[in-house]
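Here are some exercises to work through with a model open beside you. Try each task before you read its solution.

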Amino acid sequence: MRPEAPTSGEGPRRMSRELGWYASFSVAFGFVSIATGIFTTYGSVLASSGPRGIWAWPITVIGQLSVALVFGALAARIPISGYSYQWVSRIVGPVWGWIMGWISFAFLGVVLVAVDYTIASTILPELFRYVGTTQNAWAITAGVVLLQAVLVAASTRTTHRVNNVAVTIQLIGMVALTTLLFAVGAFTGKLDFGHLFDSGPVPESGYYALGGATHAGPFALAFLLGAFTIVGFESAANLAEETRNPARVIPKAMAQAVLSLGVLGFLFLVAVTAAAGRVNGVDASATPVATVITAVLGSVVGKILLVLVVISIFSCGLVITLSGTRLVYAMSRDERFPGWQLLRRVDRRTATPLNASVFMMLIAQIILAVFSRSTDALFQLFSAGTLLPAIIYAGTVAMYAIKRRSLPPTQGFSLGRWEIPVLVVAAVWLVYELLIFRDASFRAPWTYVLVLFAIGAVYFAALLAHRRRSGLTMPDLADVDRVLDTTGTATRKASDVAPGGGAR
């Protein structure tokens, strides 16, 4: 199928390939953003699991790394914007692919609000010493979301430059903070490594129990720290059409981002938790990480940490906006998304999917308006932002496991003999993670998921009624650039992947 000619005022439906390895790595690193995840969820881990809860982090890293490797194997086979939506559509079928795409859209919308709301509700009040309210948190978050959308809509190159700088600052800052905490804490005697194994109150069911039908055990809840933080690495795959040699670059970038973030994040958690044992008021602090760092390194370094977290969160939200825009654009290009006639356009002047950027911003504002009415908005946002990627990862890994013998050939990365062990680890981890969400405290996130599913079901039913199932076969995507190898020679097209699996 040849691409139709653009209508008046509509730009080409492709974007230039200008991203290299560091840009791809920065996208994955920026979305995961350990400074964001640890700063905002560490207090919850202390309250629910005690200091011993940090030992769930290495297990989570192994589980998420196995998922990233599966995603890398898929990105090397179908390097197209839209990640799980494209993979499932072209390997299993467009109906299941659409469902996966809609879930991914719901995740990106809620997690964007979750990370940006943290700036307004927690960090800025601590940094500038003012009283945070629901009203000013709402107004500030809305402004941050708008600024990120303007950057993404105005220039992809500028967006990546801002993100690259922010990721570099985060890397240097986190390494420096971790080193200083260990060095100064050891020198001043403010490190208590025995505190790393304190459990806090233990219920009758036991500390390590998964819990009953409606409640998770303390250690199980600790996994949410890593499960919320180490997500979004797949955003690098969502920019495949803008990446040079994506089949080789993207799998490496995703795995390296998860591994480096996992190691650095755990060292930082050990340093903060060891110091927390000899700092008063940590349990009652709204920002326990800042409290510990201020006590050990002084108020100036504590302020620098807060600035670092603001930079990290803004970068994280910027990458989420970018990834959400590309997903909406990819589904609209395939005529699968509400309002696709407008959302598939690439603006001639900015060479970005401008309409999709505006749409993503508006969706985030609606989600913000709904959640900010709650007194526990941040917990509900983060919970939904953890549940949805777990569903996406589980569905994608299951698809890979079932269809692995009929996948299209790889163009740059393969799991090889490690395929079965990686799939087993990923499956066990994702089943365990999803079981945690039986806890009664996650009713609001499940409600959000069900409401979004219901909205999507109404639209998809209308789409099926209008086109019938036979009309939902995936287009050839002849307007997508051929995947290029390092010599610039055109290789296998993305459109060579048949809708039902395998190659044409």
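This is a predicted model: local features need pLDDT of at least 70, side-chain atom pairs count only at pLDDT 80 or more; totals for chains, interfaces and linings use all residues.

Residues are numbered from 1 along each chain as its sequence is written, and side-chain values use heavy atoms, with hydrogens and water left out.

**Exercise 1.** Work out where Q148 lies and which residues it contacts.

*Solution.* Start with the helix: Q148 lies in α6 (residues 134-154), where helices are DSSP runs of H or I with at least four residues, numbered from the N terminus. Next, check accessibility: Q148 is buried because its relative accessibility is 0% (buried means under 20% relative accessible area, exposed over 50%, partly exposed in between, with a 1.4 Å probe and protein chains only). Finally, list its contacts (heavy atoms within 4.5 Å): beyond neighbours within four places in sequence, they include L112, D116, I313 and F314.

**Exercise 2.** Find which residue pairs with R333 in a salt bridge, and say where the partners sit.

*Solution.* First, the pair: the side chains of R333 and E241 form a salt bridge at 2.8 Å, N to O (a side-chain nitrogen of Lys or Arg within 4 Å of a carboxyl oxygen of Asp or Glu). Then place them: R333 is in helix α11 and E241 in the loop between α8 and α9 (246-276), 92 residues apart. Last, accessibility: R333 is buried at 6%, and E241 is buried at 5%.

Definitions and conventions:
Helices (H or I, at least four residues) and strands (E, at least two) are DSSP runs, numbered from the N terminus.
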